[in-house]
Amino acid sequence: MDTNAVRIHGIGELLARARERAVPVVRGIPDAALAAPTPCAEYDVRALVDHLFQVVVQFQRLAVKEASDFGETAGVVAEDPGWRERFAREADRLVAAWSAPGAEEGTTGGMDMPARLVGSMALLDLTVHVWDLARATGQDFPGADEAVVAELTGAVDELAPTARRMGVFGEPVPEGEDASAFERLLARTGRDPHWE
């Protein structure tokens, strides 16, 4: 087998891998931790879960080239006592939407960005914000799937200049020489991989 061959994974497949790590973390968030700070400084746990809901719902719309609305964040955690299982269902819908034929083709969203890059943005949030939630609530995070990290490394390269200007990413954090590929990715989004 040629080890140099690069397999291109579909965004739907990568989102499915990220979902496998995300759902147990969200299910493991105790109510007592909802006011705790997170590595994403502008959000406590409750606000970050609500933001993640917004991401998984709005990026379903972007997969089918519909208009999205990232204006108002819904207070899902406060409104729905079954929010953990609702998150699992919405994450399933996100995977299905981006797995559908044509989802990665053309452009989508208000900025008319390449659809695959938009899908990578959903993948980034579903990976990095779930790491944020795991750190904030004292849960183990098994690290991101290798193919997910490879996809996100390219996406962060492309998105970083604009994301930093818009305040979506912080300035890169110094990374140790022995940092894993995932820790380097976190550092490039402005996170301290050893945040506690």
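**Reading the helices**

Modeller: In this predicted model, residues 16–134 are 61% helix and 3% strand, and the end C-alpha atoms of the span lie 18 Å apart.

Colleague: What does the UniProt record place at residues 16–134?

Modeller: The unreviewed UniProt entry places there the feature "domain: Mycothiol-dependent maleylpyruvate isomerase metal-binding".

Colleague: Why is α4 called roughly antiparallel to α5?

Modeller: Helix α4 (residues 83–99) and helix α5 (residues 115–136) pack at an angle of about 155°, with their axes 12 Å apart. Angles over 145 degrees count as roughly antiparallel, and therefore α4 is roughly antiparallel to α5. The crossing of the two, α4 and α5, is left-handed.

Colleague: How do you know which residues of α4 and α5 meet?

Modeller: Contact means heavy atoms within 4.5 Å. By that test Phe87, Leu94 and Trp98 in α4 meet Ala115, Val118, Gly119 and Leu126 in α5.

Colleague: What makes 1 residue in the contact of α4 with α5 polar?

Modeller: Gly counts as polar, and Gly119 of α5 is among the residues that meet. By class, the contact has 6 nonpolar, 1 polar and no charged residues.

Colleague: Which residues of α7 are called buried, and what do they pack against?

Modeller: Buried means under 20% relative accessible area. In helix α7 (residues 181–188), the buried residues are Phe182, Leu185, Leu186 and Ala187. These buried residues of α7 pack against α5 and α6 (146–165).

Colleague: And what follows α7?

Modeller: Gly190 follows α7, and the phi of Gly190 is positive, near 95°.

How values were computed. Residues numbered from 1 in each chain as written. Predicted model: local features only at pLDDT ≥ 70, side-chain atom pairs only at ≥ 80, totals over all residues. Heavy atoms only, no water. UniProt positions renumbered as here; feature names shortened; annotations may be inferred. Helix = DSSP H or I, 4+ residues; strand = E, 2+ residues; numbered from the N terminus. Axes fitted to C-alpha atoms, helices over the stretch in contact; angles between N-to-C directions. Parallel < 35°, antiparallel > 145°, perpendicular 65-115°, else oblique. Left-handed = near helix turned anticlockwise from the far one by under 90°. Buried < 20%, exposed > 50% of the residue type's maximum accessible area, 1.4 Å probe, protein only.
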